[in-house]
Structure formats: structure tokens, C-alpha cells
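Student: Could you go through this structure with me? I'd like to know where the labels come from.

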Amino acid sequence: MNDKRNSSGELLPDNKRITAFGKFIRNNSIDELPQLVNVLKGDLSLIGPRPLLIDYLPLYNDFQKRRHEVRPGITGYAQINGRNAISWRQKFEFDVWYVDNLSLLLDLKIIKQTILKTIKSEGINASTSETMSKFTGE
């Protein structure tokens, strides 16, 4: 992404700042490959709720905090059910559902669906921008 700004000096929306190369990398999920290093180090799992910004920690309610009962992952139940095209509320509901229904069979289903979604490039972008909007609490 570039740092183009409007006349007031504010950054333009993501979809106005992303470069063609950046869009290609994002649409093909190539930007996720470096996360495999974190899996090998043990900081991240292949499957689990996607890690979010540390800035969001004080904004979580008790239900949303439950997503931290499992190790975060590169892909998860929320990713195969909408990724960035779903609301924050839906994302947390999917994350907690995963925590409550954790199993090897579910993880295998998520891996299969992740591969299919990546090939189809589904749900990568939020409806209003190239990335998910900032979480402000609920």
C-alpha cells in the first residue's frame, strides 16, 4: 500500500491506496506465507482464530475474550465463513464457536475450505475497503 492522502492530510481508504502488486499478493494470499515461520516457532497454529491487534485487547467483552482459549492460527473458522467480508460480531461468534467445537475433523475441514477459498479468492476484502475495518468494541 502507498501513503496517498486527501486534501486534509488523512490517508485515503485502503482500496484507493493498494498497488496492483499488493492486490495480487493479497488476492493470492501470498502475504500469509511468512506466518509459517511463526507456526514452526510455536507462536502460531495452522488453525485457530486469527490474531488481532494488541490495541483491541481492552475492547473485548467476556464472550469475545473466549477466542483466546486456543492458540491463534493462520486460518480459522471465521476465515472460511467470510474472512474480511463479515462483521466483527460474526467473526467473534465464529471464533468462539470454533473454541467450543474444536476437533481434528473440524481442523481438516477448515484446511480444505481454506485451500478452496484461496483458489477462488473469496471473502478477502471487506465490502467497504481492502481490509477489515478497525474494531471499536461492542
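Predicted model: local features only at pLDDT ≥ 70, side-chain atom pairs only at ≥ 80, totals over all residues.

Student: Why is Arg 89 called exposed?
Tutor: Exposed means over 50% relative accessible area, buried under 20%, and partly exposed in between, with a 1.4 Å probe and protein chains only. Arg 89 has 54% relative accessibility, so it counts as exposed. Across the chain, 33% of the 138 residues count as buried.

Student: What makes the place of Arg 89 part of a helix?
Tutor: Helices are DSSP runs of H or I with at least four residues, strands are runs of E with at least two, and both are numbered from the N terminus. Arg 89 sits in helix 6, residues 88–100. The chain has seven helices and two strands, in the order α-α-α-β-α-β-α-α-α from the N terminus.

Student: How do you know that the radius of gyration agrees with a compact globule?
Tutor: The radius is taken over C-alpha atoms, and the globule rule is 2.2 Å times the number of residues to the power 0.38. For 138 residues a compact globule would be near 14 Å, and the chain has 16 Å, so the value agrees.

Student: How far apart are Arg 89 and Phe 135 in sequence and in space?
Tutor: They are 46 residues apart in sequence and 9.8 Å apart in space, C-alpha to C-alpha.

Note on methods: Residues numbered from 1 in each chain as written. Heavy atoms only, no water.
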